[in-house]
2 protein chains.
Amino acid sequence: MSEIRKDIITGNYVVIAVERSKRPHDFAHKRPPKKGGFCPFCYGNEQETPPEVAALRPDENTEPDTPGWEIRIVPNKFGAVKPDIELKDCKDGIYSYVTGRGAAEVVIESPRHDSTLGSHEPEHVNNLLKMIRDRYNELGSDENISYVQVFKNFGPTAGASLEHPHWQIISTPLIPTNVMDELKGTENYYRKHGTCPYCEMIEEELKDGSRIVAENDYFVALCPYASRFPFETWILPKEHNNCFGKLTGKEFGELTEMLQGIVKKLELGFDYPPYNIVVHSNPVDGVDRDYYHWHIEILPRLAIMAVFELGTGYHINPTPPEIAADSLKEIGG
Amino acid sequence: MSEIRKDIITGNYVVIAVERSKRPHDFAHKRPPKKGGFCPFCYGNEQETPPEVAALRPDENTEPDTPGWEIRIVPNKFGAVKPDIELKDCKDGIYSYVTGRGAAEVVIESPRHDSTLGSHEPEHVNNLLKMIRDRYNELGSDENISYVQVFKNFGPTAGASLEHPHWQIISTPLIPTNVMDELKGTENYYRKHGTCPYCEMIEEELKDGSRIVAENDYFVALCPYASRFPFETWILPKEHNNCFGKLTGKEFGELTEMLQGIVKKLELGFDYPPYNIVVHSNPVDGVDRDYYHWHIEILPRLAIMAVFELGTGYHINPTPPEIAADSLKEIGG
């Protein structure tokens, strides 16, 4: 039998195959062969990208846009939005658009082409997360910008057009509708129940335990009740906080531990599967939505999204989150 | 520069690359090699599927579930929902689900494994559309069912797990949230402007012409202003009508002409690209939403959907619909 589960925040439905569930060995994923060829993100090719906007250079004597960096942030050469475009609302017959003001930046995660998020030293990931937070806050300070999206695509079928490990940051003048749906869902839940649905979820999931993957002082990782993707895992701060940009102090170390822990499990259990990581945070439009709870969603892409998802917003997930959480807990120890 | 265009119905945003637009030759798609191997949809393998629920058998002396059919509809052996499940609302801690009642059927489009939607005789596609309409109405008559989704996936990267040409019909007890968003968007537009947004779109697009691909007595094909995918094309009935299930008489011939016309252009222009076809129709929950306007969306999948789409609902489309419509008009013409 299947259960058509409802996401308590967005109201979206997911069809979960409770019978004939797929376990990790049913997803016979093999890491795709290395493409090789020229890489604009490797040492020595710094001139192939626009000039860096930030870099971690342990040796302070190295020049910008030359080797010596450990992490490097550059504008996306092919970015769909640009920071120097004047923001304008335009009419076009019965339609309307706004000009593509915004920033599209690439965070080159490491100079090592073959490294992965799971393979770095924790200190390196700490630095990576701090630099991403700083760019998040910097891009969010543009008063024309309403939303800053931080994400990582890994693997060609997850949308990563380049192999070299990287993250992306895109800022836009509008709040995207999916984000708005999540914000409204959270607000509605808050008004109805007097509590943040994410806080409630954390409390209930920790009590129940069946969908918990990991926990440390500041964060919890769980496979959500209405998981859209097999082995989908969310990392949530235990303490209510609406903004990724406010991440600070000891939280970085704990987030690194949690994020690398999950990604290592995926790398090990599924031979470096394609995945997306998406940071969900309060918009930077100046409205402080107290009720919102920032978090990170890790979305393994072990199956092609089919049209049933596209046409209706229903996802079909062959792996119940209870089995996903159990399997993930076992991988690597 | 890019334009962040707004869909007048759903309010969704699409980033359209107006500069450096991609034209057909920029999508170097090659038809994937034939997989071969055993096919449960070919003649002689009828016992590999559940028994047929409908079939077109020109020779009335052939038995069900044996060769001789031209179109065959069977339950999906691996369907995520089942017609014999009792519909129940269930609580699960702070969450809820409904049991997976519904039908998942496969419409085997032709006995010819290598045929495509573009290659059939028009009379055959007429019959196909009539049979799909009949199953749509039959499945919609179950009072536990609220929505019937008709769709076709072509090509592995569009979610077609089998090569043999087929459509799918899935009925579910709930109205999916994406469908609900479209219905609400249409209703809001109707209340604000006193007119159906699709009717308005058809009128304005026919006047303007730049996004029109084809037109006949009953239908118009256009690339929508806020196209999410390169070469996305919608087929809309010119006369306002909310339900695919009411399709009748001469409309079938005209729809066949329009649908095959577009699909042939894609097959010819992009070497049989992966695509999805999704029928959008009023729910079958007994509420007659007069304001809604049924239509068909054809979504070529020339690029992998990346996480920016997943995370935010923003799509980035490198081909403006004006260029898409122009190019489609030229192909094969």
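This is a predicted model: local features need pLDDT of at least 70, side-chain atom pairs count only at pLDDT 80 or more; totals for chains, interfaces and linings use all residues.

Modeller: T319(B) counts as buried because its relative accessibility is 0%, against a limit of under 20%. This threonine lies in the loop between β15 (315-317) and α6 of chain B, and its side chain reaches the backbone oxygen of K22(B) at 2.7 Å. Once the neighbours within four places in sequence are left aside, T319(B) is in contact with K22(B), F27(B), P230(B), F231(B) and A324(B).

Just after the helix, G332(B) takes a positive phi, of about 65 degrees.

Strand β10 (residues 212-215) pairs with β11(B) in the antiparallel sense over three bridges, with A214(B) having A221(B) as its bridge partner, and a hairpin of three connecting residues joins β10(B) to β11(B). On β11(B) there is also a pairing with strand β12 (residues 233-237) of chain B, again antiparallel and over four bridges, in which V220(B) stands opposite L236(B). In a regular strand the side chains alternate between the two faces of the sheet. In strand β11 (residues 219-222) of chain B, F219(B) and A221(B) point one way while V220(B) and L222(B) point the other way, and all of them are buried.

From here the account can turn to the contact between the chains. Chain B contributes 68 residues and chain A contributes 69 residues, and the two chains bury about 5600 Å² between them, 66% of it on carbon and sulfur atoms. The residues on the side of chain B that touches chain A divide into 35 nonpolar, 19 polar and 14 charged. Between chain B and chain A the count of salt bridges is zero, whereas 14 residue pairs are in polar contact, with both residues at pLDDT 80 or more. The largest share of the side of chain B that touches chain A is six residues, and these come from helix α5 (residues 307-312) of chain B.

Strand pairing also crosses between the chains, for strand β1 (residues 2-6) of chain A and strand β6 (residues 95-99) of chain B pair in the antiparallel sense over three bridges. Within that pairing, the bridge partner of E3(A) in β6(B) is T99(B). On the chain B side, four bridges join strand β5 (residues 89-92) to β6(B), and these two strands run antiparallel, with D92(B) opposite Y95(B). The strands β5(B) and β6(B) form a hairpin with two residues between them, and G93(B) in the turn has a positive phi of about 65 degrees.

Strand β1 of chain A also holds R5(A), a residue that deserves a careful look. R5(A) counts as buried because its relative accessibility is 4%. Its side chain makes a polar contact with the side chain of E3(A) at 2.9 Å, and the side chain of R5(A) makes another with the side chain of E322(A) at 3.0 Å. Apart from neighbours within four places in sequence, the contacts of R5(A) include N12(A), Y13(A), V14(A), R211(A), Y225(A) and P321(A), and they reach chain B through S96(B) and Y97(B).

D65(B), in the loop between β3 (54-56) and β4 (71-75) of chain B, has a phi near 60 degrees, a positive value in a residue other than glycine, and D65(B) is buried, with a relative accessible area of 15%. Y272(A), in the loop between α4 (251-270) and β13 (275-280) of chain A, likewise has a positive phi in a residue other than glycine, near 55 degrees, but Y272(A) is partly exposed, with a relative accessible area of 26%.

Definitions and conventions: Residues are numbered from 1 along each chain as its sequence is written. Chains are lettered from A and ligands numbered from 1 in the order in which they are written. Side-chain values use heavy atoms; hydrogens and water are left out. Contact means heavy atoms within 4.5 Å. Buried area is the accessible area (1.4 Å probe) that two parts lose on being put together, summed over both. A salt bridge is a side-chain nitrogen of Lys or Arg within 4 Å of a carboxyl oxygen of Asp or Glu. A polar contact is a pair of N or O atoms within 3.5 Å; within protein, one must be able to donate a hydrogen and the other to accept it, and residues adjacent in sequence count only if both atoms are side-chain atoms. Ala, Val, Leu, Ile, Met, Phe, Trp, Tyr, Cys and Pro count as nonpolar, Asp, Glu, Lys and Arg as charged, and the others, Gly among them, as polar. Two strands pair if DSSP finds at least two bridges between them. Buried means under 20% relative accessible area, exposed over 50%, partly exposed in between (1.4 Å probe, protein chains only).
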